[in-house]
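Look at the sequence and the model together.

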Amino acid sequence: MAAQEKTNDALIKELQKLQQENKSLKALYRKTTIRHNKAEQELIIANKELAFQNEEKEKRAAELVIANKELAFQNEEKGKRAAELSIANKELLYQNELKEKRAAELVIAKEQAEQSDRLKSAFLANMSHEIRTPMNGILGFSELLKKPGLTGDQQQEYIRIIEKSGARMLNIINDIVDISKIESGLMEVHLDESNINEQIDFIHTFFKPEMDRKGIRFFSKKSLPLKEACINTDREKIYAILTNLVKNAIKYTDEGSIEFGYEIVEMMHASSLLQFYVKDTGIGIPKDRQEAIFERFIQADIIDKMARQGAGLGLSISKAFVELLGGKIWVSSEEGKGSIFYFTIPYKPQPHTKSDTTTFVSDTVEKTQIDPEVSGLKVLIVEDDKISDLVLSKMLKKLSHEVLHAETGVEAIETCKNNPDLDLVLMDIKMPDMNGYEATRQIRQFNKEVVVIAQTAFGLSGDREKAIEAGCNDYIAKPINKDELLTLLQKYFKKYLKANRQLNDRKHSTRL
Ligand code: ADP
């Protein structure tokens, strides 16, 4: 029993202990539950916090992406701007360069203007000298001619000097006309068929006597046979260039030889060229002047001038002519040994159909020899200048049986109407009331047979074409050269006169 009680007590104690422990455990459980709940709560809060922070981070990240994009865009813009700035910079640099260039050009232009001014003044002074010198010869020797008691030889000598001075004046005037036409861009090119071999022969024949007098050997060279030497070019310009170069060669050569001619130069990628040359054994040209001599007005400005008589325009005119014909001109020269002037023109062969002799009429005439066939003409001189009329009348004295005179275009038409048997009209072009072209046009309406030769003092290329177009048969430039006039008359009246005479004979016989 006691044991039983003991066991009960023990059990009760055990139970109480267990209950106690249970209580504690419950308390612990409660505590733990509370803690757990709290922790859970805290975890939830922490989780929420984390979620919020994550969200924030994502937002921030998105913002950062946007900001990044913005930055990239701004960078791109900056790059663009930089490129634009670089272009603007380059543009500025270029404009600066242009400005500098322009400034340099202006300085050069100013210098050139000053130089050109100086050259023009020097040119005018030289020109005045060049004109006064022959005038001095003309007036001085005309005065001397008046002296009584001169021998025939003295008279001839004085007249020769007057003629030479007149020719020199005429050269200067022609050069001035040419250079002013070139300067104003009015120089025209008249292309026509031309045989260069005939031109070479003419120039050779023309200058040979002068070379012989000077004791200089004179050769010419033609590379093509006559038939192939026909080209399409402005023959008057070729003639002027060659004549000028040969004249210079004579002027600057005291002994030795002069040779001129042409060669064909084959080109790799272009059509062939005709290369003309004029070679002399004269004084030569220093290296530093070999370009300047082709510039206009240069000669007058050279202080230590090697130049002999001349206006210094010849080579610049030749250069302009050569360039108008599509070629080049240059010189190769050594001082004391001589010079070779070259110029080229395109070689465009042309089938030969006519001769050039009409251009170089004086060549075909035995000087001062009057063809007996050309005489007894009935001539009308249309001329408003008394002296020119007188000169023509004297020239025609032996060739004509009757000379009529008209001072105006209207008078000329009237005289032609009243004299249908006229053989020849020498028609001045520049007249006060009606010019010679118009007068000729009107004369041609009722008289197609009479030979009308235009005579003008303009001396310009293109005059010939205008005259022919107006109805003139031919053209002669003033001052009229007697031999040239004679050649023209022979050309027309060898043919015409016979026919006219027969016609007149018929008229006479019908009148009788
Ligand atoms: P100019 O009518 O005064 O001769 P150009 O224009 O024909 O003028 O020539 C210009 C200059 O070139 C001449 O003054 C001369 O100094 C030089 N010259 C031209 N041709 C020759 C030449 N064949 N030999 C030496 N010098 C020459």
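What follows starts with the sheet and then turns to the helices.

This is a predicted model, in which local features need pLDDT of at least 70, side-chain atom pairs count only at pLDDT 80 or more, and totals for chains, interfaces and linings use all residues. Residues are numbered from 1 along each chain as its sequence is written, and side-chain values use heavy atoms, with hydrogens and water left out.

Helices (H or I, at least four residues) and strands (E, at least two) are DSSP runs, numbered from the N terminus. Two strands pair if DSSP finds at least two bridges between them. Five strands, in the order 2-4-5-7-6, make up an open sheet with mixed pairing. Strand 2 (217-221) and strand 6 (329-334) are at the edges; each has a single partner strand, so one side of each has no neighbour in the sheet.

Within the sheet, strand 4 (residues 257-265) pairs with strand 5 (residues 273-280) in the antiparallel sense, over eight bridges. Ile258 has Asp280 of strand 5 opposite it.

Lys237 lies in helix 4 (residues 235-251). Is this residue, Lys237, buried or exposed? Buried means under 20% relative accessible area, exposed over 50%, and partly exposed in between (1.4 Å probe, protein chains only). Lys237 has 2% relative accessibility and therefore counts as buried.

In helix 6 (residues 386-396), the buried residues are Ser388, Asp389, Leu392, Ser393, Met395 and Leu396. Seen down the helix axis, the buried residues of helix 6 fall within an arc of 165 degrees (taken from the directions from the axis to the C-beta atoms), so they line one face. Lys386, Ile387, Leu390 and Lys394 are exposed on the other side of helix 6.
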